[in-house]
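Subject: Structure handover

Hi,

Have a look at it first, then read on.

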Amino acid sequence: MIAHSPVTPPAPVIELLDLHKVYRVGTELVHALRGMTLTIRENEYVAIMGASGSGKSTLLNILGCLDVPTGGVYRLKGQDVSKLSQSKLARIRGRMIGFVFQSFELLPRTTALKNVELPLSYTRARQRRQRAIEALRRVSLLDRAHHRPNQLSGGQKQRVAIARALAQQPAIILADEPTGNLDSATGEEIMDILDRLHAEGQTIIIVTHETDVARRCRRIVRLRDGQVVSDNGDGARLGAAAPPTHVEQSQQVPAPV
Amino acid sequence: MRALRLVIAVLLYVPDRVTAMLGNVWTALVQIWANKIRSLLTVLGIIIAVTSIITVVSLVEGFGNYVTNFLRGLGTNMMVVFPQVVRGPRGEVLRRAEMTIEDIQSVDRFAAAIRRTSPLIFGSATIEYGRQQVTGVTLRGTNEFFQPIRNFYVDAGRFFGAVDVEAGAPVCVLGREVLRKLECDESIVSDYVHLDNQRFQVVGLLESKGSFMGENQDEMVIIPWTAGLKMYPNYRKYLAFYVESMSEKDIPEAEGQLVRILRARHGLKTGDVNDFGIFKQDQILQEFNKIRLIATSVLAGIVSISLLVGGIGIMNVMLVSVTERTREIGLRKSVGAHRRDILLQFLTEAVVLSTVGGAIGIALGYGLITMAAMHPNMVEAKVPLWSVALALGFSAGVGIFFGIIPAFKAAIIHPIDALRHE
């Protein structure tokens with residue numbers, strides 16, 4: 001991996017500028033995001049926390065290009081994606097974003113390998129089989145490649161889901177409560193994998209309300225009422241996301257909540 | 001350079017789309033297999049429609065070939081002329097029809113397009129041979145030209161000749177079925193039988209020709225028409241006759257000539273209706289075409305109703321499937337599926353479903369036809385390839401037509417709503 005000096009911070013992957021999102025629920029307007037500004041740089045490991053209603057789901061949807069903001073700018077790898085069509089968004093989701101869901105969302109009756117290949121089939125990638133195998137290897141699940149989801153444990157299912165997110169070599173992995181459906185030991189196992197992926201250079205954003213999970217991340221962004229209320233570090237200011245073994249690690253571990 | 005890159009892009013694109021399509025088909029098959037009973041019930045309408053198409057088309061085709069072969073067997077330039085009573089609008093007899101041997105001879109002599117004629121007496125007789133007796137055997141009185149005109153020959157012994165006809169000799173030719181019913185073999189040739197208590201000598205046996213439209217052509221006894229007149233003297237004024245034209249294309253000309261001659265001889269004035277009828281092969285064809293039309297209309301009715309029912313069934317089950325798999329749709333969209341990918345996936349599923357129904361229907365149709373073919377009196381019916389293609393086309397079409405709405409519904413689901421769906 002590339003070591004970044006504090007002088008030249010890594011390039012931003014995500015830049016949010018005064019982001020707004022207003023929903024209409026019946027006749028009422030719900031202001032889910034109220035002017036959010038946030039920058040996430042390459043190889044950052046960010047936890048987004050907040051109570052329900054804080055806007056973290058909305059933020060996740062927008063970050064994942066499942067939705068577009070009603071105001072402000074969202075730049076993903078330098079490209080403004082805040083006003084793109086559904087079709088263009090689908091293309092970006094397929095190439096740049098790897099989702100990991102709380103409830104795994106694997107296709108039943110489909111082998112682990114085929115599940116991992118799924119995103120590749122939509123972007124017409126070459127060498128799908130090899131790339132899927134490589135992704136499964138990275139989550140140490142190659143021996144379960146031809147098992148179906150109902151033959152896998154919860155932790156194994158989530159590892160398949162992570163492999164699926166990795167298959168496209170996405171710019172960011174967006175994990176929505178990745179340990180929410182798992183017991184704590186299995187949850188640890190999943191977090192170990194995410195830690196390792198981060199160490200290998202992957203940018204990871206986790207939406208969670210579990211402090212144990214958040215504590216593993218290099219940076220914690222707290223939301224309330226659609227705004228950032230605390231952010232323990234901007235990658236730029238701190239001079240980049242360092243691997244967990246980095247000397248600055250102690251400074252970045254947040255105080256227990 | 002740009003053109004080359006375009007060609008390469010297309011070369012890469014096409015197999016990719018094929019792979020994607022095959023993937024969709026596989027997904028569809030897995031889905032159908034996972035819901036076996038539901039899928040089977042869904043495609044029942046399609047199965048019925050396709051089974052009907054296959055069986056009815058095959059039967060109609062089979063009968064069509066049969067009729068054509070029969071007509072060819074009759075001799076292609078043959079007509080039958082017969083006296084026909086002229087009736088008024090209330091059914092009252094306006095003119096008694098007559099047809100004498102002189103009429104026939106005039107036609108034979110003066111109609112240039114006619115090669116030869118043969119008087120014809122229709123009868124029914126009881127035949128006795130030794131202790132065996134068969135009643136209600138078809139009796140035909142005719143002359144020595146019967147064989148070439150009807151394209152129907154003896155294959156044992158001989159046919160009676162002009163001398164026999166001239167003399168009204170008591171000789172006869174038997175059909176194979178008569179022989180079977182009399183329980184005897186070819187040794188009957190040159191032996192004697194009784195036809196309605198009159199002694200006839202058997203001179204020949206007709207080749208076997210099978211039955212047509214309920215009439216067994218092999219259960220027939222043929223005698224010289226002059227001998228027939230001795231049995232049925234009343235026929236002297238009511239003869240029918242075969243006409244053979246010079247060639248197949250001379251039939252209209254031959255018909256015109258014989259009509260002119262007979263009208264003149266019968267003293268019919270302009271505007272009078274013919275007091276005789278002419279039976280041509282194209283009338284058999286017309287009769288058959290009426291049957292074919294009825295069968296086709298009934299088929300069209302059954303098929304359109306079952307296809308409609310089947311199509312609605314498919315639409316219904318696809319709508320259920322889309323709802324059931326909303327989360328799957330959400331997942332697929334979140335990993336990069338475009339609307340058209342989802343649309344194609346569900347459309348493929350509908351088409352595969354209906355085509356599977358079509359395939360089952362084709363198999364059933366084949367089965368029914370094969371079973372029907374085992375019946376001894378059944379005509380030879382084969383499933384024409386085009387009916388298979390038609391059936392598959394119909395079922396795929398139904399899949400597309402009724403699958404498009406559910407597929408569209410699936411395609412426009414918003415990924416966030418889909419992922420939130422319980």
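A:Val100 stands opposite A:Ala175 of strand S7 in chain A (helices, H or I, of at least four residues and strands, E, of at least two are DSSP runs, numbered from the N terminus). This is a predicted model, in which local features need pLDDT of at least 70 and side-chain atom pairs count only at pLDDT 80 or more, while totals for chains, interfaces and linings use all residues. Residues are numbered from 1 along each chain as its sequence is written, and chains are lettered from A and ligands numbered from 1 in the order in which they are written.

Back to that strand pair: S6 (residues 97–100) and S7 (residues 172–176) of chain A run parallel and are joined by four bridges; two strands pair if DSSP finds at least two bridges between them. In S6(A), A:Ile97 and A:Phe99 point one way, A:Gly98 and A:Val100 the other way, and all are buried. Buried here means 20 or more other C-beta atoms within 10 Å of the residue's own, exposed means 12 or fewer, and partly exposed is in between, with C-beta atoms placed from the backbone.

Chain A also has an open antiparallel sheet of four strands, in the order S2-S1-S4-S5. Strands S2 (28–41) and S5 (79–80) are at its edges with a single partner strand each, so one side of each has no neighbour in the sheet. Further in, S1 (residues 12–25) and S4 (residues 71–76) of chain A are antiparallel and share five bridges, and A:Leu16 has A:Tyr74 in S4(A) as its bridge partner.

Now for chain B. Its mean pLDDT (the predictor's confidence in each residue, from 0 to 100) is 88, and 99% of its residues reach 70 or more. An automatic or database domain assignment gives domain 1 (21–69 + 287–420) and domain 2 (85–274) of chain B, with 54 Å between their centres, taken over C-alpha atoms.

B:His414 sits in the loop between helices H13 (385–411) and H14 (415–420) of chain B. B:His414 counts as partly exposed because it has 14 C-beta neighbours inside 10 Å.

Finally, the two chains meet: 18 residues of chain B are in contact with 22 residues of chain A, contact being C-beta atoms, placed from the backbone, within 7 Å. On the chain B side, helices H1 (2–34), H11 (326–334), H12 (339–373) and H14 give two or more residues each. For the complex, the predictor gives an ipTM of 0.87 and a pTM of 0.74.

Best wishes
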